[in-house]
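Welcome! Have a look at it first, and then we will go through a few of its features together.

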Amino acid sequence: PSAEDSAADSELAGLMGAVAIEDPEITADFISEANEHFEISDENLLTLENDPENEEAVACIFRAFHTIKGTTSFLGLPPISVLAHKAENLLDEVRKKRLAFDGEVVDATFNALDLLKKMSKDLESALAAGEKFVPAPELPEVFSQLQRALCEAPAPAVKAQVSAKPEDAGKSGQNDSASAGPDPESEAASKPGYGQGPGDAAEPESGGAGETGNAAAAYAGKTVKQSMKIDADRIDLLLETIGELVIVESIVSQEAGASQEQARDLERNLGQLKKITRSLQDIGMSMRLIPIDNTFRKMGRLVRDLSKKSGKKIELVMEGRETELDKGMVEKLGDPLVHMIRNAVDHGIEHTAEERTAAGKSPTGTIVLKAYHQGGNIHIDIADDGRGLDRDAIAAKAIERGIVTGTEAMTDEEIYALIFEAGFSTAKQITDVSGRGVGMDVVKSNIESMRGNVRISSEKGKGSTFTLVLPLTMAIIDGMIVRIGSERYILPLLSIIESFQPTREMITTVSGKGETVPFRNRLLPLFRLAKLFGVSDAEMDPTRALVVVIEEAGRQVALLVDELLGQNQTVIKNLGQGLKDVDGIAGASIMPDGTPGLIIDVNGLVRLATA
């Protein structure tokens, strides 16, 4: 190790003290940028673990550590900068072919990256609270591991480095910096707020440490803002469309009082206004769309860690990483995907390679994560080639827990959907990966909060596929307007399977179960929305009304409504704090005539009806 590294080791004890955040504004920018470096490093570390000779991956990780080191040095955050520097030195040895990327080097690099992530989050929390940053207690342990990994470098190379002349060392350092990409300090200088050097940043213009404390107090409660990168072409198109909208709106306003003879021109211009407004709406929606790539990359790291912990060889195949989703949905997808990947690793893939080989499979298990568009929605598949779901075991557990009384009449998908019940688990023992039955109900609730649903297909011994079906955006849905008496409601089109007018012979009553209606060789429970929502002037004769069949988590039910009024795109409005927990209602929308309409929450409605 270099003399600089030795000095860093001697200062380790001093690095464990709390550090004042000297420049909150720039620190917030750093945290946002650091998260991007972490994602890039995670992906390249996985690449490097499978292909240790991949020089491009080594260079990418090296540059990430190098940039984090430089920026945190400038910001006066020694615990982070010294850790990043030591990790950078380790990658430099790999880059120069003095160390192979295996064994202790792999573990040390992963642990250093994980600790940098943790300290970045701690820094964000300290920034929001207006407090000092406290280094993570794991810092000495990771330092020692990095040092051990560095000591594996060949002795001649180290001696040559130590015995080099000072001027040569300076040249070597310059070359290393050039090969590693732009220097972070020079990059920082080109950004707003990076005008001062490290020394200037530590000493405010007007005086001493008291003003630094006052600056930190002034920024107490500051949060790190999330940013979205938007193509300049999209912004230009948005502005151009808004300009057209203003022009057409002006024309329509002038013609609003026109005589009957000019009604045809008014109708044409109104049609043009509608077209441009819809285009503006679509562009606005597209600006909120971001690729799912970042979320998928995190799953790659998760599978790597879980396979190592469980002792199973597992390969993750990712498809459709460029598929775009609403930013809010991408952020909410993290937890469901983590639980489903954990489930696939622990319950799906066989325990041993011998077990897979005996079943005629490759010793390495495969999990496929795939995103794609279908039917105006986003589909995300989580598929594994493991053991598949055991219908009998699930049914027996559901009966044991009193969730159902019998399962003979239930379809496979309805049986499989029982695993989403809270606390449901068929695991014989609890592991640190899964088995407590607290994961899949989280998946269901999170997906339903985004107005989506989960579909399951499985074949015993072959594997399982869980499909998350999601709308393109959380702000706008395609809905069907239904009338019940004098009230109007909006049913999400994603949940509707079919609608029809029943005959009197189709409506039957099952003792203790209520009304039913036949649908595709099955009897579905029939629920009257008028009774569920207390509408008194609705049509009570089913033969003069309509049945709408909807699906929720693999279960189909029939709803009785007076009339279908048409389909339209619905902008969702929040009902506010006072009405946020109304069963069966997801929100509200403004109808074309300006009156409000309630949007039905299909999952909540089924719960309400079956309670």
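**A first look at the predicted model**

The count of aromatic pairs in this predicted model comes to 2. One of them joins phenylalanine 500 and phenylalanine 519, and it is described below.

**The stacked pair**

- The rings of phenylalanine 500 and phenylalanine 519 are stacked, at 6.3 Å centre to centre and with 5 degrees between the planes.
- Distant parts of the chain are linked by this pair: phenylalanine 500 belongs to strand β10 (residues 496-500) and phenylalanine 519 to strand β12 (residues 514-519), 19 residues apart.
- Are these two residues buried or exposed? Both phenylalanine 500 and phenylalanine 519 are buried.

**Two packed helices**

- Helix α5 (residues 78-95) packs with helix α6 (residues 104-129) at an angle of about 155 degrees, and their axes are 10 Å apart.
- Because angles over 145 degrees count as roughly antiparallel, α5 and α6 are roughly antiparallel to each other.
- Which kinds of residue form the contact of α5 with α6? There are 15 nonpolar residues, 1 polar and no charged.

**The chain as a whole**

- The chain holds 22 helices and 18 strands.
- Of its 611 residues, 43% are buried.
- Among contacts in the chain with a separation of 6 or more, 70% are between residues 24 or more positions apart.

Key
Residues numbered from 1 in each chain as written. Predicted model: local features only at pLDDT ≥ 70, side-chain atom pairs only at ≥ 80, totals over all residues. Heavy atoms only, no water. Axes fitted to C-alpha atoms, helices over the stretch in contact; angles between N-to-C directions. Helix = DSSP H or I, 4+ residues; strand = E, 2+ residues; numbered from the N terminus. Parallel < 35°, antiparallel > 145°, perpendicular 65-115°, else oblique. Nonpolar A, V, L, I, M, F, W, Y, C, P; charged D, E, K, R; others polar. Phe/Tyr/Trp six-rings, centres within 6.5 Å; stacked < 30°, edge-to-face > 60°. Buried < 20%, exposed > 50% of the residue type's maximum accessible area, 1.4 Å probe, protein only. Contact = heavy atoms within 4.5 Å.
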